[in-house]
Amino acid sequence: GMVVDDAIVDVENVFRRLRENAAAGKPLPKLEVIARASAEVRSSILYATVLIVLVFLPLMALSGVEGRLFTPIAIATIVSMAASFVVSLTVIPVLSSFFLNPRPGKEYKEFIVVRWLKRGFRATWMRFALNQPLLVIAITGVLMWFAWMSYASMGRNFLPPFREPTAVVATTLDPGTSLRTTAEMADVAVERLLEIPGVKTVGYRAGRAERGDHVVPVSTVEFDVEFDESAGRSHAEIIDDVRATMKTIPGTFSAMSGPLADRVGHMLSGVSAKVAVKIFGPDLDELRRLGTEVAGIARNIPGLEEARTEQQASVPQLRIEPDPERAAAYAVTPASLTEEMAGLMGGEAVAELYEGVRVYDLVVRLPTEWREDPDRLRTLYVDSKADRLVPLDTVADLRMAAGPNTIQRENLRRRFVVAINPTVPDLVSAVEVLKARVAEELELPEGYTISYEGEYLAQKEAARTIALTSIVVLLVVIFLLHSYFRSFTFVALVLTILPVSLIGAIFYTQATLNNVSIATLVGFIAVGGIAARNNIMLLSHYLHLMKHEGEGFTREMVIRGTEERLVPILMTALSAGLALVPLVLASEEPGKEILNPVAIVIVGGLVSSTLLGLAVTPALFHAFCRRAAFKSIERNASASI
């Protein structure tokens, strides 16, 4: 939709000039008219295209998941707009010379719809804007204020929620629960889940491999629930029933998410959840206490009820601790003793067995009754450097004790994680409430810190990156606009369209999504570039009429310039808007989650920037830009000399 803008502006201006030339008494050569008409809009098209390219540069600065998602959009837009500019100044004039052939001496009338639009536009919109410029500005200012209030009241999220046809239910039991007990519980849960209308299939896995990228103990079960699309129930209703069903299973705690959202969370924070509250410190028991308190605070906040703590707890352990003095007396080194006991308890590969093309390791270790009985182990003989066998209890102390089942570290520091999958769309506000409650109710001992990561941190960093790079790009845009208009007044007038375009974008976003994500910010960038582009075209045409066609700074000139730019402005807005209609209507379709908010923002912004922009820009230009217009023409004239 945006790519055809340059061609629309060029063709419309060429065709209008050809019709004027055909109706003249002494028509000029056709190619000369086309060359002049194309040159007339060349500079404005160039600067408008450069502006579009610049406003998409902030997306190139995004990193991580959001960078992978939105950088291709920026690259595609920048390359396409550059190619569109080249085509509009080379191919389009040539095609115009072939296909646009107005008959000399014939008076051409505009299409009836265009005549109605211009007549109604002149009689109502332009008349009101030029007669009451201060009222137009006041109304626009009030709309901006309401738009800002609406923006502040909307929820914040990192990415739009994925509309996946499956759900992942992570259910945890007490640490140390055996695989058999976990499987029995999982079988019961599967039976109950399959009774829910709208659930098609349920599968589960208990734990994950120790050498995988995401280690999970067998006390954690992940259920994959596939929805039945033909059941006539919404996903939200099915998910509510799944949550209620899992709460009926005693001794378990469950949290829900989607498969894709689960992986995104794991990529962002190393935890399979949208929000990860990480507590760092030296003592494991203290970390576990602090994490449990944080989880308790979170579960009392609406939307954070599914906060779950890391599966870290004290479990029974058999400790074999070498006694250095006694071991030295019997010529046994602690290192050799530790290595030997590790092989006996955990197993050691001593040979390979071949069965056809298959190869098996032959592993030797103590039988189960020995590994779990300290009294038998005390009588076990171990090797010494003196080539003698020594009873184990002679050189080491054996005792039953409690110890942590896992020890997690990050950046060399021990850490405990509280994983949260918010059940409300406003993720940022919910986490902000949690941060305030934790700071108020939880006193951290010295040497302990808390960090909030996952989608919450990613949203903050991405929004900050877009804001900082947008400020830099805005400064560059101001410099370029000043080099074109040679007046800061016109620079400010071009930029006034940015908040005007955001009025419709914000209102439409609130009416449909009521949430601001990174995709929404991308839409704001795009609609701002499109709106500023049309404003450049409009102002440059005013100056062209004054400089080249003998028009003065009059009300009639403003009306004429706006009417002559009315059709290309409406056509560019419609071409971009209509191209986005399929994405706007695909609000519930899987796979359109990222582009649907972008399309909603652009369509809403195009409506306000087109309707309000055609009133605000002429009103401000006629009321405040007389001196700036004459100075700009004089400076451009002196610069061309």
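The following conversation goes through a few labels used for this predicted model and the values behind them.

Biologist: What makes the strands β3 and β4 count as paired?

Modeller: Two strands pair if at least two bridges are found between them, and β3 and β4 (residues 220-227) have seven bridges in the antiparallel sense, so the pair meets that criterion. One of the bridges can be looked up in the structure, where T201 has E226 in β4 as its partner.

Biologist: Where does that pair sit in the sheet, and why are β3 and β5 said to stand at the edges?

Modeller: The sheet is open and has four strands in the order β3-β4-β2-β5, with antiparallel pairing. β3 (199-206) and β5 (253-257) each have a single partner strand, so one side of each is left without a neighbour in the sheet. Neighbouring strands of this sheet are turned by 20 degrees against each other on average, if direction is ignored.

Biologist: Which helix packs on this sheet, and which strands does that helix touch?

Modeller: Helix α7 (residues 179-194) packs there, touching β2 (166-172), β3 and β4, and the direction of α7 makes about 170 degrees with that of β3.

Biologist: Why are α21 and α22 called roughly antiparallel?

Modeller: Helix α21 (residues 555-585) and helix α22 (residues 595-611) pack at an angle of about 155 degrees, with their axes 9 Å apart. Angles over 145 degrees count as roughly antiparallel, and the two helices therefore receive that label. Their crossing is left-handed. The contact includes I569, L570 and A573 of α21, and L595, N596 and A599 of α22.

Biologist: How many residues of each class does the contact of α21 with α22 have?

Modeller: The contact has 13 nonpolar, three polar and no charged residues. Gly counts as polar in this scheme, and G577 of α21 is among the contact residues.

How values were computed
Residues numbered from 1 in each chain as written. Predicted model: local features only at pLDDT ≥ 70, side-chain atom pairs only at ≥ 80, totals over all residues. Heavy atoms only, no water. Axes fitted to C-alpha atoms, helices over the stretch in contact; angles between N-to-C directions. Contact = heavy atoms within 4.5 Å. Parallel < 35°, antiparallel > 145°, perpendicular 65-115°, else oblique. Left-handed = near helix turned anticlockwise from the far one by under 90°.
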